[in-house]
Structures are given as structure tokens and as C-alpha cells.
Amino acid sequence: MTGRRRPTSPRPYKLLTSTAAVGALLVTGCGALPGATGGSREPVTVVTWAPSGVAGPDAVNMAGMTAMARTYARWANADGGLDGHKLRVVTCDEEDTSIGAANCARLAVKEKAVAVVGSYSRHGTAFMPPLEAAGIPYIGGYGASDEELSSYNSYPVNGGQPALLAGNARQLARSCERVSVVRPDSLSGDGQAWLLKTGLTEAGRPAPADIRASESATSYDAAAEPALQAAGASDGCVTAVLGKRTETFFDSFRRLEPSYGSVRISSVLGSVDQPLIDSTGGRNSPFEGAYITGWYPDAGDARWDGMRQVIRKHAFGDNRIDPDDTGVQTTWIAYTVLKEIVTAIDSPQITPWKLTSALNEGTPADTGGLTPVLRWSFEDVLGSSAYPRIVNTRVTFQVVRDGRLVADRKGFMDVTKTLSDASAKS
């Protein structure tokens with residue numbers, strides 16, 4: 001693969017201060033977690049942020065990610081830290097706003113963080129410029145903003161939503177004669193439809209029926225009916241990528257679906273995940289039988305056992321941490337990358353420059369099979385005009401069976417070609 005780098009183009013933040021006791025935190029927006037001593041090696045300070053308590057029908061709450069970061073620090077410090085460095089984690093409530101994201105980025109600068117790790121924000125235009133100006137790398141974001149896949153300062157551990165959509169097309173192409181895609185009536189929705197079309201046509205399937213829908217609708221009958229008609233009553237599939245409104249769409253869809261025929265439903269992780277399936281009835285959920293495309297192995301895979309053990313021993317019953325949640329999994333993987341890179345640097349002091357240099361030189365990060373071995377050298381990045389920073393172009397195919405997301409196909413599917421073709425033709 002070829003690669004290139006390109007730069008992307010307040011209110012006071014809330015701070016959680018640390019106390020002398022390990023893990024004792026004031027209950028405010030952000031926090032520092034002390035840990036075990038690191039001998040002669042200096043502590044490593046990092047920041048993890050995510051919206052952590054926002055209310056409202058379209059609000060995103062990813063509190064499990066910051067809770068997982070604190071849990072990782074407790075575990076790492078109990079085991080000697082990162083290559084002998086005490087890990088100090090500062091967390092910030094990003095509030096799912098551009099102001100909150102910018103404030104969290106400024107907090108990272110103020111705290112002299114060597115990296116932002118395992119975080120979630122949809123507001124890349126707000127948080128990335130302060131990090132770029134300070135030279136602080138953004139390692140393992142969730143993939144919720146375009147800047148994570150384009151900024152030279154970003155080191156993503158997954159392919160973001162583009163990889164999911166490219167993979168979803170390939171998953172559907174295996175068994176669906178016709179596909180309807182229900183997506184936001186927006187510029188980002190246009191890109192989603194294009195990726196699905198590219199993947200389906202590459203697999204020899206017809207272009208999908210493109211159904212636009214409002215992201216703020218309370219009922220999707222107007223979108224469900226044409227989606228169902230275009231898919232047909234036999235060997236047809238309907239996939240919806242509407243974020244938190246995906247559940248609302250499939251409620252409308254199930255009411256209109258005829259008793260005859262078999263229309264398969266589908267989506268991607270982030271729009272549908274195990275916690276949503278659990279909350280909507282488990283094996284009686286409307287998502288039973290649905291195809292789901294993800295970034296990582298299914299939650300029951302043995303490769304997650306290490307994370308689950310850490311949660312059991314060091315989360316102290318924190319119910320914000322769901323090991324089946326993709327955000328929690330992403331934070332675990334991002335901190336695994338941090339540990340790998342810090343160990344490879346093997347220096348008494350870790351700085352943003354040392355981390356960035358090691359990452360750019362292609363220092364490998366082994367995540368225990370949860371992703372391919374990750375490298376971010378010039379030769380490793382995808383380098384397409386739309387997604388220049390993607391290095392992990394693999395996805396997994398899953399299916400909801402008996403209320404659980406399980407593997408629909410063993411191993412990973414590489415969607416490099418679909419991503420490159422979609423970028424070149426868009």
C-alpha cells in the first residue's frame with residue numbers, strides 16, 4: 001500500500017484531582033489515577049475522554065471507555081506499570097459537544113500528556129488542532145470523527161465507519177440478492193451509500209436501493225416501506241446505519257414486515273451492539289438473526305479473556321464497564337498499543353515526541369490477535385485521499401444468534417480494495 005500524510009485543518013474544563021490513596025477520585029468531570037511507583041523511570045501521563053453522562057434521545061454516553069482506562073491503570077500499576085513507568089490516567093467528560101472536546105484537548109496539553117488514548121468524540125475539528133499544535137499523538141480513537149482517519153497526528157486501531165460499511169457490503173453480498181440501505185439524509189450519509197454500493201458491485205451484486213432518512217425521526221414508517229419493497233420478500237436484505245436511531249427504524253420495519261418471505265436485516269457495530277440487543281429482549285430482540293459487521297472478534301472470543309480478567313479483578317464492580325461494549329474494547333486495545341510502544345522505546349522518560357517517532361517509524365504493536373499487528377509507518381497507512389491514516393482494513397462478520405453476537409465467518413475480512421476504490425471514485 002502507498003501512503004501519505006496530510007494535516008487537517010470555551011468554557012473551563014472540569015478536572016478530577018487525585019488523592020494520596022490509589023484510585024480515590026473526586027466526583028467531578030475528569031480524574032487522575034495514581035498507581036505504583038516506577039523506580040527511576042518517570043511516570044507516563046495520558047488522557048482518555050468520552051461523553052460520560054449526557055442526557056437526551058440522541059446523546060452518546062460512552063462512560064465505559066474512561067472507566068476502562070482507569071481500570072487499566074490500576075492493573076498496569078499493580079503489575080509494575082508500563083515498562084517500569086507508573087501510568088497516570090487523566091479522564092475527561094467530553095460531553096458530546098465541540099466545546100467539551102476542545103476543553104478536553106486543552107486539558108491534555110495542560111497535564112503534559114504524552115498521548116490521548118482510547119477516546120471517543122464526534123468532534124474532531126475541535127479536538128485535533130490543539131493536539132496537533134502540541135504534538136500530542138491521538139492513539140486508538142473510536143473512529144467517530146473523520147479527522148481520526150485523516151490527521152497525521154492520529155494513530156487509529158480500526159478502520160472507523162468506512163471499514164464497517166465496506167465490510168457490511170461484502171457480508172450482505174454473500175446471501176442477499178437485493179439490498180436496501182437506510183442511511184442519514186446528509187453528506188456523511190451519501191458517503192455511506194457510496195461505500196455500500198462499491199462493495200456490493202465489486203461482489204457482483206446490484207447497487208443497493210438508497211433510502212434517505214432523518215436522523216432525528218421518531219418513526220421510520222416512511223423509510224421502512226420503500227426499503228422493504230425494494231428488498232423484496234425473498235432473498236432480500238435491509239441494512240440501516242442510523243446510529244442510535246437504528247433501533248427506532250427496525251421497530252418501524254418489523255411492524256410493516258409481512259408474515260411471508262424472509263427479509264434479512266443488517267447493520268454495523270456502533271449502530272447495533274450486544275448491549276442494545278440485551279436491552280431489547282436478547283433472543284426475543286428484533287435484531288435476532290441480523291447480520292452485523294464489526295472491527296474486532298465477537299465478544300465471546302477467547303482473545304478477550306485477558307481484558308475480562310482485568311475487569312473482574314480491578315474494576316471493583318463498576319457497572320459502566322461492559323466487556324461486550326465496542327467502546328470498552330477499543331480502549332483496551334488502545335492501551336495495549338500504548339504499552340507495546342512504551343516497552344519498545346525502553347527509555348527512562350517517555351515524551352510525545354518519542355511516542356510519535358516510534359509510531360511513525362513503524363514500531364509494531366501486537367494486540368493479541370484482536371487486530372492485526374498494527375504499524376503506522378508511511379508504508380503501512382492506506383494512503384487514500386479519503387482515509388489516509390487507516391492501517392487496519394480488516395473487519396469481522398457477526399450474526400445475532402440466540403440473543404448473542406457470534407461469528408458469522410471465521411477470521412477477518414480485508415476491505416482494502418473497497419476502501420481504495422470508493423475513495424478513488426468518489
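## Salt bridges: criterion and network

A salt bridge is counted where a side-chain nitrogen of Lys or Arg lies within 4 Å of a carboxyl oxygen of Asp or Glu. By this rule the count comes to 17 salt bridges. Arg-183, Asp-185, Asp-190, Asp-210 and Arg-212 are linked in a network of such bridges.

This is a predicted model, in which local features need pLDDT of at least 70 and side-chain atom pairs count only at pLDDT 80 or more, while totals for chains, interfaces and linings use all residues. Residues are numbered from 1 along each chain as its sequence is written, and side-chain values use heavy atoms, with hydrogens and water left out.

## Individual ion pairs

Accessibility is classed by relative accessible area: buried is under 20%, exposed is over 50%, and partly exposed is in between (1.4 Å probe, protein chains only). Arg-183 is buried at 1%, whereas Asp-190 is partly exposed at 33%.

Asp-221 forms a salt bridge with Arg-255, the closest N and O atoms being 3.3 Å apart. This pair links distant parts of the chain, 34 residues apart: Asp-221 belongs to helix H6 (residues 221–231) and Arg-255 to helix H7 (residues 246–256). Helices (H or I, at least four residues) and strands (E, at least two) are DSSP runs, numbered from the N terminus. Asp-221 is partly exposed at 33%, and Arg-255 is exposed at 56%.

The side chains of Asp-324 and Arg-404 also meet in a salt bridge (3.1 Å, N to O). Here the partners are 80 residues apart, Asp-324 in the loop between helix H9 (305–314) and helix H10 (326–345), and Arg-404 in strand S13 (residues 404–407). Asp-324 is buried at 11% relative accessibility; Arg-404 is partly exposed at 33%.

In strand S2 (residues 44–50), 7 of its 7 residues are buried. Both faces are covered, with Val-44, Val-46, Thr-48 and Ala-50 on one side and Thr-45, Val-47 and Trp-49 on the other.

Strands pair if DSSP finds at least two bridges between them. S2 runs parallel to strand S3 (residues 87–93), joined by 7 bridges, and Ala-50 has Asp-93 as its bridge partner in S3. S2 is also parallel to S4, with 2 bridges; Val-47 is partnered there by Val-116.

Ala-113 lies in the loop between helix H2 (98–110) and strand S4 (115–117) and is buried at 2% relative accessibility. Beyond neighbours within four places in sequence, its contacts (heavy atoms within 4.5 Å) include Thr-45, Val-46 and Val-47, as well as Ile-136 and Pro-352.
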